[in-house]
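The following exercises are intended for a reader who meets this structure for the first time.

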Amino acid sequence: ECWNGGTGTIMLLGDTCTRGCRFCAVNTNSTPPPPDHDEPFHTAQAVSQWGVSYVVLTSVDRDDLPDGGASHFAQTVEMIKMYKPDLKVEC
């Protein structure tokens, strides 16, 4: 449904959350692997080729990171805007 409306969604910071919410089926671990430093670049490359006009960036909770992953999100948005400045990005 979202794709037909020109919206794409992508999850950043891996697939392992630092919280254990009972309603969620995501992997949980208090010490997940470190973020992929190339992910902002790879995400921007991929999203710029999807043909969407709007992208939603989401992630697992990363309480293990000093800023909770905020700098990773910021880098990703900056890279997306370099590749496709007119793309609307929601975080």
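**Exercise 1. The order of elements**

Solution. The model under study is a predicted one. Begin with the inventory: the chain holds two helices and five strands. For the overall dimensions, the C-alpha atoms fill a box of roughly 35 × 30 × 15 Å along the principal axes. Finally, consider the contacts between residues at least 6 apart in sequence: 74% of them join residues at least 24 apart.

**Exercise 2. The length and faces of α2**

Step two concerns burial. The buried residues of α2 are His72, Phe73, Thr76, Met79 and Ile80.

Step three asks what provides the cover. Over the buried residues of α2 lie elements including β1 (7-12), α1 (39-49), β4 (54-59) and β5 (88-90).

**Exercise 3. The buried side of α1**

Identify the buried residues of α1 and state what they pack against.

Solution. In α1, the buried residues are Glu39, Pro40, Thr43, Ala44 and Val47. Their arc around the axis is only 130 degrees, which puts them on the same side of α1. Their packing partners are β1, β4 and α2. Just after α1 comes glycine 51, whose phi is positive, at about 80 degrees.

**Exercise 4. The largest nonpolar core**

Which elements give two or more residues to the largest nonpolar core?

Solution. The largest nonpolar core comprises 13 residues, and those with the most contacts inside it are Leu12, Leu13, Val55, Leu57, Phe73, Ile80 and Leu87. Two or more residues each come from β1, α1, β4 and α2. The largest share, three residues, belongs to α2. As a general principle, nonpolar side chains in soluble globular proteins tend to be buried together.

Not counting residues up to four places away in sequence, leucine 12 touches Glu39, Thr43, Leu57, Thr58, Ser59, Val60, His72, Phe73 and Thr76. Leucine 13 lies in the loop between β1 and β2 (16-17). With a relative accessible area of 2%, leucine 13 is buried, the cut-off being under 20%. Its phi is near 70 degrees, a positive value in a residue other than glycine.

**Exercise 5. The surroundings of glutamate 90**

Describe the place, accessibility and contacts of glutamate 90.

Solution. Glutamate 90 belongs to strand β5. Its relative accessibility is 35%, so glutamate 90 counts as partly exposed. Apart from neighbours within four places in sequence, glutamate 90 is in contact with Tyr54, Val55, Val56 and Leu57. With tyrosine 54 the link is a polar contact of 2.3 Å between the side chains. Glutamate 90 and threonine 9 stand 81 residues apart in sequence, while their C-alpha atoms are 9.3 Å apart in space.

Conventions:
Residues are numbered from 1 along each chain as its sequence is written. Side-chain values use heavy atoms; hydrogens and water are left out. Buried means under 20% relative accessible area, exposed over 50%, partly exposed in between (1.4 Å probe, protein chains only). Helices (H or I, at least four residues) and strands (E, at least two) are DSSP runs, numbered from the N terminus. Contact means heavy atoms within 4.5 Å. A polar contact is a pair of N or O atoms within 3.5 Å; within protein, one must be able to donate a hydrogen and the other to accept it, and residues adjacent in sequence count only if both atoms are side-chain atoms. A nonpolar core is a set of buried Ala, Val, Leu, Ile, Met, Phe, Trp, Tyr and Cys residues joined through side-chain atoms within 4.5 Å. The arc is that of the directions from the helix axis to the C-beta atoms.
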